[in-house]
Amino acid sequence: MCAQPASVSIDDIRAAAARIAGRVLRTPMVQSTVLQVMTGVPVHLKLEHHQTTGSFKLRGATNAVLSLTPAERARGVVAASTGNHGRALVHAARAEGAVATICMSKLVPENKVAEIRRLGAEVRIVGNSQDEAQEEVDRLVVEKGMVMVPPFDHAAVIAGQGTLGLEIIEQLPDVATVLVPLSGGGLAAGVAAAVKSANPRTRVIGLTMERGAAMKASLDSGRPVQVEELLSLADSLGGGIGLDNALTFSMCRDLLDDVLLLSEEEIAAGMRHAYGLEREIVEGAGAVGIAALLSGRLQSSGPVVAILSGRNVDMILHRRIINGATSVQEEVAA
Ligand SMILES: *Cc1c(COP(=O)(O)O)cnc(C)c1O
């Protein structure tokens with residue numbers, strides 16, 4: 001049914017790194033002296049939230065766009081994401097002179113629509129749910145020949161995210177533990193494939209929120225399952241993994257050493273620490289590594305790298321979190 005191979009190899013990731021070089025930033029890695037004192041092991045922060053478009057998603061999107069044939073590129077790319085994948089895809093497509101169409105439902109707030117439009121997307125507003133927006137994507141693929149670039153379950157996307165893992169082992173060859181934010185698993189699968197090919201003993205821990213963690217529930221069940229979507233501070237970690245998941249489920253199952261769930265309070269504490277003590281603005285999903293370190297529930301025999309994966313947080317919400325709020329819901333009520 002599916003032409004994709006069942007996994008993404010280190011050679012695919014190296015090829016992706018060569019392909020996207022010069023189009024994405026090589027982001028800095030900095031040592032956190034305060035987290036080192038608190039945890040007793042060296043802690044390094046991979047500042048991927050400084051990536052162009054504000055998240056690592058640009059790596060996978062750029063690799064996917066550059067992997068298209070000239071004819072495919074001319075027909076344009078399409079996706080239903082209004083979040084970090086959507087932003088990244090629009091930027092990656094425009095950089096190659098291609099059109100990116102983003103389909104979204106009528107429920108998407110006007111400021112999000114305006115933002116994606118400002119980046120240069122063709123926006124299509126259809127229906128009243130994410131599912132209906134996805135149906136429009138499927139229609140454009142069939143009727144206009146546009147190429148859908150999914151946010152995680154796609155070989156070129158995973159290989160692109162894996163380039164972040166290559167940078168980590170170049171920047172800190174003796175890394176013992178890598179902390180990776182986990183949702184659909186494209187980032188975790190790519191990073192784990194890269195770092196474990198350099199050293200199979202390096203531990204890779206997936207971090208996600210307690211509220212609606214589809215990959216964790218799927219790993220526990222031994223197959224992809226659906227979970228109820230709940231509001232979380234880590235909104236970029238929401239959503240399912242797809243019941244017909246082709247790549248990321250099996251790669252996460254085979255490559256991740258553990259998955260840890262964080263509460264909303266812990267994620268808020270991570271964002272607060274990032275801002276107050278590291279001077280970094282990160283969104284909830286980008287703060288889960290710091291949150292896990294602060295929780296005291298992680299052990300590492302050597303240097304730890306925490307990936308700060310994104311910074312696209314509503315700044316009013318961010319300010320409230322910094323001032324002590326601990327959930328999205330309180331914010332809505334406030
Ligand atoms: C998409 C995203 C993640 C999760 O990546 P997956 O590949 O879906 O697991 C983590 N952090 C941020 C900021 C993201 O945008």
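Predicted model: local features only at pLDDT ≥ 70, side-chain atom pairs only at ≥ 80, totals over all residues.

Analyst: On the domain 1 side, helix 1 (10-20) and helix 8 (155-171) each supply at least two of the residues that touch domain 2. Helix 8 gives the most, with 8 residues. By class, that side of domain 1 has 8 nonpolar, 9 polar and 5 charged residues.

User: Which stretches of the chain make up domain 1 and domain 2?

Analyst: Domain 1 is 10-52 + 154-322, and domain 2 is 57-148. Their C-alpha centres lie 24 Å apart.

User: What makes you say that domain 1 and domain 2 are in contact?

Analyst: The cut-off is heavy atoms within 4.5 Å. By that rule, 22 residues of domain 1 are in contact with 13 residues of domain 2.

User: Why is the pairing of Glu-48 and Arg-59 called a salt bridge?

Analyst: The rule wants a side-chain nitrogen of Lys or Arg within 4 Å of a carboxyl oxygen of Asp or Glu. For the side chains of Glu-48 and Arg-59, N to O is 2.7 Å, so the pair meets the definition. Across the interface of domain 1 and domain 2, the rule finds 3 salt bridges.

User: How many salt bridges turn up in the whole structure?

Analyst: A search of the whole structure finds 14. One to look at is Glu-167 with Lys-46, where the closest N and O atoms are 2.7 Å apart.

User: What does Arg-26 touch, leaving out residues up to four places away in sequence?

Analyst: Arg-26 touches Glu-167, Glu-170 and Gln-171. Arg-26 itself lies in the loop between helix 1 and strand 1 (29-31).

User: And how do you know that the side chains of Arg-26 and Glu-170 make a polar contact?

Analyst: The limit for a pair of N or O atoms is 3.5 Å. The contact joining the side chains of Arg-26 and Glu-170 is 2.8 Å, so it passes.

User: Now the ligand. How many residues surround the ligand, and which are the closest?

Analyst: 16 residues surround the ligand, and the closest are Lys-57, Asn-84, Ser-183, Gly-185 and Ser-309.

User: What is the distance from the side chain of Asn-84 to an oxygen atom of the ligand?

Analyst: An N or O atom in the Asn-84 side chain is 2.8 Å from a ligand oxygen. With the limit at 3.5 Å, this counts as a polar contact. The backbone takes part too: a polar backbone atom of Ser-183 is 2.8 Å from an oxygen atom of the ligand, and a backbone N or O atom of Gly-184 lies 2.9 Å from one.

Technical notes: Residues numbered from 1 in each chain as written. Heavy atoms only, no water. Domains from an automatic or database assignment. Helix = DSSP H or I, 4+ residues; strand = E, 2+ residues; numbered from the N terminus. Nonpolar A, V, L, I, M, F, W, Y, C, P; charged D, E, K, R; others polar. Polar contact = N/O pair within 3.5 Å; in protein donor to acceptor, adjacent residues only side chain to side chain. Near = heavy atom within 4 Å.
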